[in-house]
Every structure is written in C-alpha cells, then in structure tokens.
Amino acid sequence: MTDTALSVSRSSVERRRVLADDATARLERMFEIRGFEERLNALFATGAIHGTTHLAMGQEALAVSLASELRPTDLVTATYRGHAMALALGMNPRAVLAEIMGKSEGSTGGLGGSMHVSDDDIGLLPTFAIVGAGLPVAAGAALAFQYRGEDSVAVAVFGDGATNIGAFHESLNLASIWKLPVVFLCDNNVYGEYSRINLTTPIEDLHLRAASYAMPAEVVDGMDVTATRAALARAIERARTGGGPTLVEAKTYRFAGHSRADTAPYRPAGELEYWQERDPLTRAREELVAGGATVEQVADLERSVGAALDEVIELVEALPDPVVADMFNNIWSPLTRKAGS
Amino acid sequence: MRFRQAIVAALEDEMEADPSVMVMGEDIAVAGGPFKTSEGLLDKFGPNRVRDTPISEMAFTGAGVGAAIAGLRPVIEIMFMEFLGVALDQLVTGAAKMHYLSKGALSVPLTVRASVGSGTGFGSQHSQTLENWVTATPGLTVVTMSTPQNAYGILRAAIQSPGPTMVLEPRNLYAVRGEVQRGAAGLVQLGRAEVVRPGTAVTIVTMGQMRTAVVESVEASGIDAEIIDLITLAPWDRATVLESVAKTHRLVVVEEAPESGGWGSEIVAAVTRELFSSLSAAPFRITTPNVPVPYSKALESRYLPQPDEIARQLTQYQSTGTVPAPWWVLEGLSK
C-alpha cells in the first residue's frame with residue numbers, strides 16, 4: 001500500500017480512474033478527504049484562511065462511491081459542501097486547497113473560494129453555492145447528451161435541504177417527462193444548514209418524493225461504499241441506456257456543523273455518537289484488515305496520506321496570491337462569435 | 001413581415017445554420033408560441049429541437065444553462081418577463097458566473113428571450129420591462145429590439161453570441177410590420193448602438209418601443225435631435241453616446257420604466273461624469289411615473305411616455321435649457 005493515489009503529480013483524470021478498480025485506492029481517498037478537511041478546519045481556526053467553509057466529514061463514502069462509478073466524461077453538479085466530492089472525483093488536493101486559500105493556482109484562480117471548486121477535465125462544474133441550483137443545470141447537461149445521442153450521464157448532487165426548494169421538484173418533473181440521462185443524488189445528512197430534517201420536512205425518507213414524478217428511486221446506506229456503489233451503478237446504467245432519471249437517496253450524517261461558525265449545539269444527545277459508530281473510515285479500516293492488511297499497515301497508510309497532505313499545505317501556503325488584474329478576467333464571453341467557430 | 005415573424009425567421013435561420021441551436025419554452029412547440037414567435041418551427045425541425053416545457057421557468061432556464069455548458073445553443077422563451085423572477089438565480093447567479101468561475105474554460109451560449117412592456121392591456125403583473133433585474137450583472141449581455149429588421153438581426157446575433165444573452169422583446173411591437181432583410185446582411189452587431197437620426201441640438205437615448213414615440217415627437221417638434229437606439233443595454237455603447245453628447249452638449253433619455261432605478265440613470269451618470277463641463281443643460285430622463293402598470297386603456301396610455309408628452313418636454317428643454325417637470329408633477333399627482 002502506497003500513497004500513489006494522492007501523488008500531486010497525478011492529473012485529475014488519472015486520480016479518478018484509479019478508483020474504478022482499486023478498493024485500496026478508494027479507501028485511501030477517503031483517508032485523504034478526511035485528513036484534508038481536518039487540516040482545513042485547523043487552518044481556519046488559526047486564521048490562515050478567511051471566508052467560510054462547509055465540511056463533509058462523515059460523507060466521504062458517498063463521494064468516493066460516485067467517483068468510482070462515473071466516467072470522467074460524465075458531468076457533475078455539486079454543492080458548496082464540495083471538497084469531498086471534488087477530491088473524490090479526482091481534483092488534486094493542491095488545486096482544491098489553493099482555491100480555498102485564495103491562491104492564483106487555485107482551480108478558479110482564487111476567484112471562487114471554498115464554495116466554488118471546479119475541474120473541467122473531470123466534468124465537475126463550479127460547485128453551486130445556492131441550494132438546489134445545480135439540479136436544473138444537470139438536467140440541461142443531460143438534455144444535451146440526449147440531444148446528440150451520446151451515452152454520457154449527468155449527476156446532480158444535493159443535500160436533503162434542497163428537496164424543499166422548487167428547483168428540485170421542477171427538475172425531477174422535467175427530467176421525468178423527457179427521460180433525461182440524469183441521476184439525482186440526494187446526500188441526506190439529516191441537516192439543512194442549522195435545522196434538523198424533521199423541523200423542515202414532513203418525511204425523512206426523501207426517495208419517496210420520486211413517486212410524484214413516476215421516477216425510479218433507490219435508498220442506500222451512504223456510509224457503506226459497497227452498497228452505495230451498487231445503487232449508483234444501477235442508476236447510472238439506467239441513465240446511460242435510455243432508461244431515464246433516478247432519484248438516489250444516500251443516508252449519511254454530517255459530523256461537522258453547517259459551516260465554520262457552527263458548532264452544531266442543536267443536535268439531539270447521542271445522535272452524533274450513533275453516527276460516529278458508522279463512520280465510513282472505520283469501515284474502511286476494517287475492510288482493509290479483512291483483506292489481509294495488518295492494523296499497523298493501515299495506520300501507516302493513514303500516516304503517509306497525512307504526511308503528503310502536510311506537504312501540500314506547506315507548498316500551497318507559499319504560493320502567490322492572485323494579482324489584482326485577475327479579477328477583471330473571464331467575466332464576459334466575447335459578444336460575437338469568432339469567424340469559423 | 002411582422003415583428004413576430006422576424007423572430008421566427010431569426011430562429012429558423014439560426015437553426016438551419018447550426019444543428020446545436022434548439023428552442024424550448026411554454027407552449028412554443030405545438031401551439032407555435034403564445035405570441036406566435038415560434039410558429040412552424042416544430043414542423044420544420046421536430047420535437048428534439050423544439051420543445052414544449054412544463055410551467056417551470058426555474059427548471060428550463062437552468063436546463064438551458066446546463067445544455068449550453070454541454071455544447072448546445074439553447075434559446076429559451078420566457079412568456080412574460082415577470083416569469084423570469086422565479087428563474088433569476090439560474091441566469092444571474094448561475095449562467096453569468098460560469099465563465100468566471102472556470103477561469104474561462106466554460107462558456108454559456110444561452111439565449112433567454114422574454115416579452116416585455118406595456119401597451120397591451122395585460123395589467124400590472126404582465127406589463128413591466130424590468131431591465132434592472134438583469135442589467136447589473138457583469139457577464140450577462142442584455143439586448144432589446146425596436147423594429148422587425150433589428151429584431152431579426154439582434155436575435156440571430158444573440159444566438160451566435162458565446163455568452164449568456166438576455167433578449168427583451170417589446171410585446172407591443174409583435175404585430176408591427178416592416179421590411180426584413182434575412183441573411184448575413186440583416187445581422188446586428190451586439191454592443192453597438194444605432195444612430196437612428198443624426199442631429200446637432202440634443203442627444204436622445206432610447207430603446208425598445210419608445211424609439212417610435214421618440215421619432216414621432218422629434219418630427220412633431222421640429223427639433224434637430226440626434227436619436228440613439230441603445231439596443232445593447234449591457235454592456236452599453238458608451239463611445240457612441242459620449243461622442244454624440246460631446247457634439248450636442250445635451251442629453252435626454254426616454255425610457256419605458258418607473259423613474260426610480262431605471263436604466264437611464266446609468267446613462268445620465270456616465271455622461272455627466274465624462275462630459276460635465278461641456279454640457280449646456282442638465283441631462284434628464286423622461287420615464288413612466290413610479291406606479292405599477294395600470295390596466296384601463298385610459299390609464300395605460302398615460303403611463304407610457306406618449307409622443308406629445310415627449311415633445312412638450314423636449315421643446316421646453318431646448319427653448320429654456322431647464323429640465324421640465326413630468327406630467328404627474330404638473331398635475332399634482334405625485335412627486
């Protein structure tokens with residue numbers, strides 16, 4: 001076991017591809033995501049990063065599962081809680097951290113920040129900071145694939161809170177009547193910002209909402225990579241082969257608060273602990289041991305991932321800030337099409 | 001042909017020229033559009049390229065964004081500009097930011113058409129122009145039209161434009177007839193204002209359905225005004241306007257929108273800043289009063305700046321150099 005998947009020299013497409021057939025690489029990526037966010041939290045606490053951040057600790061299994069089932073040519077719209085998804089889909093920790101730290105080398109040149117990471121090479125659109133906004137866009141990308149007769153798939157990743165916004169209902173309806181090749185992936189982490197799902201939503205099993213749109217649905221333990229991959233594989237295959245959209249609800253849990261300022265004092269007693277017992281990283285460690293690794297080897301793997309991340313942080317901290325002129329770039333597309341294009 | 005037929009012609013010619021152009025909106029396919037601005041397109045291009053949508057502006061505007069990112073050139077129809085309210089996020093916060101947030105890797109060649117304006121008796125929720133919803137967003141091109149010919153040319157140019165473009169179509173003009181030259185010669189360059197009438201005494205900047213009223217008022221008053229149809233509201237053609245005012249030393253903006261927050265304020269502010277010392281009178285705006293669009297024909301016809309009201313204000317401005325009061329102030333109805 002090595003830290004090959006984390007290697008900063010690997011392209012995002014390569015980092016994506018290793019996940020498809022390599023269980024160790026998938027587990028390693030989960031360690032990377034957790035380690036990345038823990039370090040990020042610490043950096044915020046010291047004031048090394050400004051702005052805000054939304055951690056996805058506890059939701060790593062879902063991100064890695066999706067990444068391992070999608071092709072780099074498929075398209076994903078994700079949310080402001082997007083670091084896990086970005087790293088899983090293949091973005092290099094260096095590119096993600098540089099963006100969060102506002103460096104010119106960041107994925108949007110330091111113009112977007114934590115809520116807007118993107119990588120065109122792996123089909124990750126700039127992550128959406130408006131709840132639900134990515135759903136219609138994913139439906140539209142799926143429309144383009146269908147229009148041209150391609151077998152690419154679009155995936156909209158969103159939280160439980162998004163199922164109460166109009167964009168969710170309108171997008172499911174549109175995707176259903178047009179049989180669009182899109183997967184609606186609801187990461188039900190129990191909380192919409194600071195509010196528990198029972199305070200905002202009359203049902204907790206959100207996949208039931210697909211029935212209103214005559215849409216197939218899956219519900220899966222999103223803390224379990226094997227089960228989640230299987231559910232996503234079915235949904236993606238359905239979309240790829242002309243069977244139309246699926247609503248997949250992955251039951252997960254947000255170990256951190258909504259954002260940097262939130263310590264989540266509103267959780268019922270014992271709830272966090274209940275879910276921490278289902279921590280996908282614990283399962284990952286157990287799977288590695290069951291597969292023949294020693295406990296020491298697993299610990300070594302985690303340590304080596306952590307050490308690599310520490311190097312990335314050191315490297316990114318030394319990178320230059322954007323220059324002022326950068327904020328004037330890439331705002332307007334040209335008003336007229338270039339001849340021949 | 002009629003203005004609305006020029007819209008159809010533009011869509012048809014773009015769809016012929018580029019297989020990635022498709023249109024979607026409410027009742028635009030089978031019914032040919034509530035204002036018949038897509039009549040015949042379904043028969044000609046089929047249901048993959050001409051799609052009726054549910055009444056879901058948020059979904060199909062966002063779908064337009066996603067389809068555009070993924071390589072299509074979607075043209076979506078917002079039946080009444082007001083209906084864009086529920087989909088503004090997709091356009092202003094989504095479409096207009098994608099190029100920026102991707103270091104230029106993504107572009108969104110989406111065209112959003114919306115019918116706008118008063119004069120057709122649709123009442124306060126279906127008669128606004130609402131340019132100010134969309135003109136304050138860097139990255140979002142906003143254009144409007146005023147004749148069948150420029151309707152054709154502007155829409156084609158908007159569809160060809162690599163970025164997201166909002167097209168405001170004055171609904172009151174759909175039935176207007178005029179000559180339309182199709183093909184490349186009929187295209188209009190976005191970002192460039194049209195000097196409708198050259199003149200030396202005063203510059204009048206206008207657009208949309210006010211263009212005709214302005215031309216009438218200038219003819220009636222005999223003032224040697226230079227009339228500029230702005231056409232592109234964002235980013236607007238500063239050079240043409242400034243060059244004109246540098247020559248006439250006077251500026252009047254005639255706009256179909258409530259006085260507060262209207263697009264004309266932007267023009268007046270920019271001209272004042274650039275040319276203050278050469279102005280021979282204070283620039284001013286002729287607008288609608290700060291009221292919702294009233295329904296009754298007797299009221300709606302007063303709401304919109306009429307040629308005689310424009311002529312009255314122009315005549316006073318030119319003869320005295322002072323800014324005239326609008327009719328609602330003269331009549332003691334409002335400030």
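Why is strand β9 (residues 225-229) of chain B largely enclosed by the rest of the structure? In this predicted model, local features need pLDDT of at least 70 and side-chain atom pairs count only at pLDDT 80 or more, while totals for chains, interfaces and linings use all residues. Residues are numbered from 1 along each chain as its sequence is written, and chains are lettered from A and ligands numbered from 1 in the order in which they are written.

Chain B holds 11 helices and 12 strands, where helices (H or I, at least four residues) and strands (E, at least two) are DSSP runs numbered from the N terminus. Its radius of gyration, taken over C-alpha atoms, is 20 Å, close to the 20 Å that the globule rule (2.2 Å times the number of residues to the power 0.38) gives for 335 residues, so chain B is as compact as a globular protein of that length. Buried residues, meaning those with 20 or more other C-beta atoms, placed from the backbone, within 10 Å of their own, make up 55% of the 335 residues in chain B.

Strand β9(B) belongs to an open sheet of 5 strands in the order β7-β9-β8-β11-β12 (chain B), with mixed pairing; two strands pair if DSSP finds at least two bridges between them. The edge strands are β7 and β12 (284-288) of chain B, each of which pairs on one side only.

On one side of β9(B), strand β7 (residues 194-197) of chain B pairs with β9(B) in the antiparallel sense over 3 bridges, and R197(B) stands opposite I227(B). Strand β8 (residues 202-206) of chain B runs parallel to β9(B) and is joined to it by 5 bridges, with V205(B) as the bridge partner of I228(B). From β8(B) the chain crosses through helix α6 (residues 210-221) of chain B to β9(B) in a right-handed β-α-β crossover, right-handed meaning that, with the strands pointing away from the viewer, the path from the first strand over the helix to the second runs clockwise. Beyond this, β8(B) also pairs with strand β11 (residues 251-258) of chain B, in the parallel sense over 3 bridges, where I204(B) has V252(B) as its bridge partner.

In a regular strand the side chains alternate between the two faces of the sheet. Accordingly, A225(B), I227(B) and D229(B) point one way from β9(B), whereas E226(B) and I228(B) point the other way, and all are buried. Strand β9(B) is largely enclosed by the rest of the structure because 5 of its 5 residues are buried.

Key: Buried ≥ 20, exposed ≤ 12 C-beta atoms within 10 Å, placed from the backbone.
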